[in-house]
Structure formats: structure tokens, C-alpha cells
Amino acid sequence: YFEREDTIPENVKITASTEQMGMTMDMTMAHTADMDMVAYSLAEANMNMYISKEKVYCRYEIQGQETWIWAPITNDLEAAQFESMMDDSLVEPDYITACAYRESIEEDGVVYDLLDLSIDDGFSTGTATYFVNRESQKVEKCVMEQDGSTVVCLIEEIDSIEVPEASENATEGTVEDVAGVMMAVILAGSGMTTE
């Protein structure tokens, strides 16, 4: 099953939720042929990034203040930075050390086969459970346990990713500015400030 490349849709949206150090974080990743999207949502801050081949748009909100920024992607290094954020493989097949079939269950009229995975990425070990839709043979849910935290991922097929109209008023910046926004959102969301 894990040697197949079609276990997750090509045009995909993955919604993940986790709690770490008393902080709840929701994250969304979406991918199509011409656009990627990543979003972080924390208690005090949130951010959405829309990434095409030529530019990135970023909407962020800290303490109720919403701002849009955009930046051109000018070289391969900048493009690679964004690509590294968009890993939609859930669990890297090379890190799977064992896999076992647990059982089949039915949720909302859909039959799922549950696969239990053991994971070792060289730094830490963990487990994951894949919920495989028996009819489509695609993974629709994944529950990962690693380093004492649980991440629940929901996987769905999408048609496209639309950049909101509000992006038309975005201020131009650089890729470094966008990276700085991302750090500010994570720090603000964790209750820390950059001051």
C-alpha cells in the first residue's frame, strides 16, 4: 500500500490540529498544480499564505489587527523554502519501521481500514494510524502520536485554491518579510512577544 503514489489525492487539503505546551494550534495545508496554501491558527494570532510559482500572498492577524503582504519569489532558493513547508506526505514512507492492520470500522456510513504505523525519523519515535477509505483506497484521516503530543489530520480532495479578493490591497514586501511575519504569528500565538 505504501509503495503506491495515489494514497493521497493530487489536489489535496490537509487540516491538522494539535496541542503542545498548553497551546492549541490548527494548521491547514492545501496543494494544487498551480497554487499552495498554508494556514496557522493559534489563540492570539493566525496567518494564511498563498504561494504560486511567481509570488506569495500572506494574510496575518495579531491581536485583532489584520494585514496583507505580498512578495515576489525571485530565485530557486526562495521557491525551495516554500516547497519545504508544503510536505503533504503525512508520514515519510522511509520513516515507517512497522505496519499492522488493526481493524475495520464504520463512521458516517463509510468503511475504513485502520493501519497502525511505527515511525522512527532518526530523532524520535512515534506512531500513526491511517484511516483508509475501503472504497476509494485513499487515506482520509491520520492520527499521529509523537513526543507526547497527538496530531489529528483530516485529508480531503479539492478542485482549486482561490486567493481572497482582499489580497488586492496587499503591501509589497520581500520573502524575508513574509518569513518574519510567520515567526511573529507563532510567537504571538504562544503568548510571547517580539518586543
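**Reading confidence, core and strand pairing**

Modeller: In the protein chain of this predicted model, mean confidence is lowest in helix 1 (residues 76-85), at 77, and highest in strand 8 (residues 110-120), at 95. Confidence here is pLDDT, the predictor's own score for each residue, from 0 to 100. Helices (H or I, at least four residues) and strands (E, at least two) are DSSP runs numbered from the N terminus.

Biologist: What is the mean pLDDT of the protein chain?

Modeller: Where pLDDT is low, the predicted coordinates should not be read in detail. The chain has a mean of 87, and 93% of its residues reach 70 or more. Local features need pLDDT of at least 70 and side-chain atom pairs 80 or more, whereas totals for chains, interfaces and linings use all residues. Residues are numbered from 1 along each chain as its sequence is written, and side-chain values use heavy atoms, without hydrogens or water.

Biologist: Which residues touch the most other members of the largest nonpolar core?

Modeller: In soluble globular proteins, nonpolar side chains tend to be buried together. A nonpolar core is a set of buried Ala, Val, Leu, Ile, Met, Phe, Trp, Tyr and Cys residues joined through side-chain atoms within 4.5 Å; buried means under 20% relative accessible area (1.4 Å probe, protein chains only). Here the largest has 22 residues, and Met47, Met49, Val56 and Cys58 touch the most other members. Helix 2 gives the most to this core, six residues.

Biologist: In which sense do strand 2 and strand 3 pair?

Modeller: Two strands pair if DSSP finds at least two bridges between them. Strand 2 and strand 3 are antiparallel over six bridges, with Asp26 opposite Ser41 in strand 3.

Conventions
Buried means under 20% relative accessible area, exposed over 50%, partly exposed in between (1.4 Å probe, protein chains only).
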